Amino acid sequence: MRTDIVHIGAGELTYEIRNIVNVGEKLQKLGVRVNWENIGDPIAKGEGIPDWMKEIVVEAVRDNATYGYCPTRGILATRQYIAEQVNKLGGAQIDANDIIFFNGLGDAISKVFGFLKRTARVIVPTPSYTTHSSAEAAHAGDRPVTYILDPNHLWYPDIEDIENHIKYNPAVAGILIINPDNPTGAVYPEHILRDIVDIAEKNDLFIICDEVYQNMTYNGTTATPMAKVIGNKVPAICMRGISKEMPWPGSRCGWIEVYNGHRDPMFEKYVNSILNAKMVEVCSTTLPQTVLPKIQTHPRYPTYLAERIKRYERCSNIAYDILKDVKGLHVNRTNGAFYMSAVFLDGLLNHRQTLPIADDSVRKTVEGLVTGPDVAPDKRFVYYLLASTGVCVVPLSSFATDLQGFRITLLEKDEEEFTKIFKTIAESIKQYLRSA
Ligand SMILES: Cc1ncc(COP(=O)(O)O)c(C=O)c1O
């Protein structure tokens, strides 16, 4: 090429949650029976959509209007419905124009970070859901600026770390919060959210709050919505969607709610640029927006959701009870979403450890993948676990963190199988750490 055509942030775009699938599929072809515990897709893990929900969608499919474009911001009646739900919380007051629909939050995330001035940074958590950290880093063409989620304090944000980063890095313009969090499964207490809002107010920053798992909490916790604590000064973008809750990830439907959007002219201009980007693209998916209020207000929706959440609660406790006693591993009980992050204690992993692999071609494939000094120690563990047991998890180091560990989902529906998977992981960790 006579001129460099590669974007400055191209190197920042990695998504190990799906990358690991390539390795899993390769091993599958060699005869390994894979348990896919890597991706947060309830449908892929066998979640059945109830008939009453399908009926609502079928009825909408019969209506020609659902085949057309919709307004750029999204269907007005649906935005009015969402605005009413937010206003009922008694905090931030918004109207339909403060809401913009996207083709899934993935689309929202790439536009929210993509239309931020290159030199303005949003501080993101570490570990971090990669779609956020990669999009933010790619927009800046640099490593993400991160604040610590502390595994020794229930994975809560380290407020002092946030304050210090903001104090010493004038490029920071915003703070990202994911609550409940992916990949840790933590649900933050209200006082932490209030502290972050105070920091934003004191330093003239805006907040991005990803609440896609907002209604999926358990073990006695609830996630305080940002709308309730934001007050009337700090500009914020709250992200929500139907991928996890309904669950309908294939609908590609999510939205942003803008709080205090008129408080700051520069923030207003920025949000307008995001809207204009959507306008250039025309609009987002029409069908899921059409049915959203009907599904969420259906009398059977709350029971349906509650049953699923009960199952995640049981799984969170089974997983915690099995892994908490594994020497060399640190885990916290998951209280929201459907992920658990496990961390190996410092210095326990090395580049000699292995797990037994009976099949020669499987073993050779894995050995080929883990050679070289650049392979993170937890990635090596994850590959050996996959080849030896078929359990597919994601290395924690691929979530913008130096911590070594893995993220696993709590989505397996068969509880006996779920328990077996976690016992297998526990045994494999013991064996792996002993091996060298
Ligand atoms: C925290 C978080 N935000 C956003 C998304 C993406 O959601 P969507 O399917 O709407 O793109 C995910 C998906 O796993 C997620 O975990």
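Two strands are said to pair if DSSP finds at least two bridges between them, and strands (E, at least two residues) and helices (H or I, at least four) are DSSP runs numbered from the N terminus. The model shown in these views is predicted, so local features need pLDDT of at least 70 and side-chain atom pairs count only at pLDDT 80 or more, whereas totals for chains, interfaces and linings use all residues. Residues are numbered from 1 along each chain as its sequence is written.

**View A. Strand β3 and its parallel partners.** In β4, the residue that bridges to T126 is I148, and the two strands, β3 and β4 (residues 146-150), pair in the parallel sense over three bridges. Strand β6 (residues 172-178) also pairs with β3 in the parallel sense, over three bridges, and there V172 is the bridge partner of R121. A residue is called buried if 20 or more other C-beta atoms lie within 10 Å of its own, exposed if 12 or fewer do, and partly exposed in between, with C-beta atoms placed from the backbone. Because five of the six residues of β3 (residues 121-126) are buried, this strand is largely enclosed by the rest of the structure.

**View C. The largest nonpolar core.** A nonpolar core is a set of buried Ala, Val, Leu, Ile, Met, Phe, Trp, Tyr and Cys residues joined through C-beta atoms within 7 Å. Of the 119 residues in the largest such core, I175, I207 and A236 touch the most other members, while helix α13 (residues 377-389) supplies the largest share, seven residues. This core draws at least three residues from each of domain 1 and domain 2. When residues up to four places away in sequence are not counted, A236 touches F206, I207, C209, M226, I230, Y259 and N260.

**View D. C315 within helix α11.** C315 lies in helix α11 and is buried, with 23 other C-beta atoms within 10 Å. Leaving aside neighbours within four places in sequence, C315 is in contact with L410 and F418.

**View E. The shell around the ligand.** The ligand is surrounded by 14 residues, of which the closest are G104, L105, G106, N182 and S243; a residue is included if its C-beta atom, placed from the backbone, lies within 6 Å of the molecule. Helix α4 (residues 104-114) gives the most to this shell, with three residues.

**View F. The open antiparallel sheet.** Four strands form an open sheet in the order β10-β11-β14-β13, with antiparallel pairing, and its edge strands, β10 (329-331) and β13 (394-395), each pair on one side only. Between β11 and β14 (residues 405-409) the antiparallel pairing runs over five bridges, and I408 in β14 is the bridge partner of M340.

Terms used. Domains from an automatic or database assignment. Contact = placed C-beta atoms within 7 Å.
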